[in-house]
Amino acid sequence: MRVEADLKAVVGDLFATLVTVPSSTRMPYERAAPLRLGNMEEPEVHPALEPIAFLLGRWEGAGVGGYPTIESFNFGQEIEFGHNGKPFLTYVSRTWLLDEAGNRVRPLATESGYWRPQPDRQIEVVLAHPTGIVEIYIGEVVFHKIELRTDVVARTSSAKEYTAGHRLYGLVNGNLMWAYEMAAVGHPLTDHMSAELKKVA
């Protein structure tokens, strides 16, 4: 099924311009319980994290998604970036399907992993998915913009076909915006999801 025009209008130019998700797609949703790392006192941020330190914290918001094989949809999202004093960020993302009123309907994708800055503003990202997929992304940090492309994709025998990903994250007017292109089930890299998130903690 063709990706609907509203999704294409929202994400088609995001990789070049980091445009804002239209207000018609920003929907309220019930906030999930915050993610915690226990009562341990937070250590100093490692100097190597300076290029991506703007990601630290908990971000919440909403976005739109779709693919040639599915109908377009609205989703709510919570992302948390943390650290333990070592030269990497911990990362967890959770998403929920939203109805037209902005209420959560059911869980969607979740992913977790580590963001590892490298010399010369390069970055490596390792992500794991409960669907049986593991990804290694490599990319570059330019000011408050991070562009990532898959270097390695590994799948279990039961996972759906997925071959590549391309992601862009950027800080725009204090909000975290991101867009994701996916190559899967016989399709080349195609717009899949995008969102605008506000920092809440």
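Trainee: Where is N173 found?

Mentor: N173 sits in the loop between strand 8 and strand 9. Keep in mind that this is a predicted model.

Trainee: What makes N173 count as exposed?

Mentor: The cut-off for exposed is over 50% relative accessible area. N173 has 75% relative accessibility, so the residue counts as exposed. Its backbone deserves a look too: N173 has a positive phi of about 55°, although it is not a glycine.

Trainee: Which loop holds F143, and why is F143 called exposed?

Mentor: F143 belongs to the loop between strand 6 and strand 7 (145-155). Its relative accessibility is 68%, and exposed means over 50%, so F143 counts as exposed. F143 is not a glycine, yet it has a positive phi of about 55°.

Trainee: And V185, why is that residue called partly exposed?

Mentor: Partly exposed lies between the buried limit, under 20%, and the exposed limit, over 50%. V185 has a relative accessible area of 41%, so it is partly exposed. You will find V185 in the loop between strand 9 and strand 10.

Trainee: What does V185 touch, leaving out residues up to four places away in sequence?

Mentor: V185 touches Y67, T69 and E161.

Trainee: Now L97, please. How do you know that L97 is buried?

Mentor: Buried means under 20% relative accessible area. L97 comes to 17%, so it counts as buried. L97 lies in strand 3, and beyond residues up to four places away in sequence it touches F73, N74, N103, R104, V105, R106 and L108.

Trainee: What share of the protein chain counts as buried?

Mentor: Of its 201 residues, 47% count as buried. The chain exposes about 10400 Å², and carbon and sulfur atoms supply 54% of that area.

Trainee: Which secondary structure pattern does the protein chain follow?

Mentor: The chain reads α-α-β-β-β-β-β-β-β-β-β-β, which comes to two helices and 10 strands. Among contacts between residues at least 6 apart in sequence, 50% join residues at least 24 apart.

Trainee: Why is the pair E111 and R167 called a salt bridge?

Mentor: The limit is 4 Å between a side-chain nitrogen of Lys or Arg and a carboxyl oxygen of Asp or Glu. For E111 and R167, the closest N and O atoms are 2.8 Å apart, so the pair meets the definition of a salt bridge. E111 lies in strand 4 and R167 in strand 8, so the pair ties together parts that are 56 residues apart in sequence. E111 is buried, and R167 is buried too.

Trainee: How do you know that R58 and E60 form a salt bridge?

Mentor: Their closest N and O atoms are 3.5 Å apart, and the cut-off is within 4 Å. R58 and E60 are both buried.

Trainee: What about R116 and E124: how do you know that their side chains meet in a salt bridge?

Mentor: The N to O value is 2.2 Å, and a salt bridge needs those atoms within 4 Å. R116 has 36% relative accessibility, so it counts as partly exposed. E124 comes to 27%, so it counts as partly exposed as well.

Trainee: Which residues do salt bridges with shared partners join into one network?

Mentor: R58, E60, E78 and R94. A search of the whole structure finds seven salt bridges.

Trainee: Last topic, the largest pocket. Which residues lie nearest its centre?

Mentor: A109, T131, M182, H192 and M193 do, out of 32 lining residues. The volume of this pocket is about 910 Å³.

Trainee: Which strand gives the largest share of the lining?

Mentor: Strand 4 does, with five residues. Several strands supply at least two residues each, including strand 2 (70-82) and strand 10 (190-199). By class, the lining has 18 nonpolar, eight polar and six charged residues.

Note on methods: Residues are numbered from 1 along each chain as its sequence is written. This is a predicted model: local features need pLDDT of at least 70, side-chain atom pairs count only at pLDDT 80 or more; totals for chains, interfaces and linings use all residues. Side-chain values use heavy atoms; hydrogens and water are left out. Helices (H or I, at least four residues) and strands (E, at least two) are DSSP runs, numbered from the N terminus. Buried means under 20% relative accessible area, exposed over 50%, partly exposed in between (1.4 Å probe, protein chains only). Contact means heavy atoms within 4.5 Å. Accessible areas come from the Shrake-Rupley method with a 1.4 Å probe; for residues, only the protein chains shown count as cover. On a 1 Å grid over the protein atoms alone, a cavity is a set of points where a 1.4 Å probe fits but cannot get out, and a pocket is an open set with protein on both sides within 12 Å along at least five of seven lines; lining residues have an atom within 4 Å of a point. Grid points are joined across faces, edges and corners, and a volume is the space filled by probe spheres set on the points. Ala, Val, Leu, Ile, Met, Phe, Trp, Tyr, Cys and Pro count as nonpolar, Asp, Glu, Lys and Arg as charged, and the others, Gly among them, as polar.
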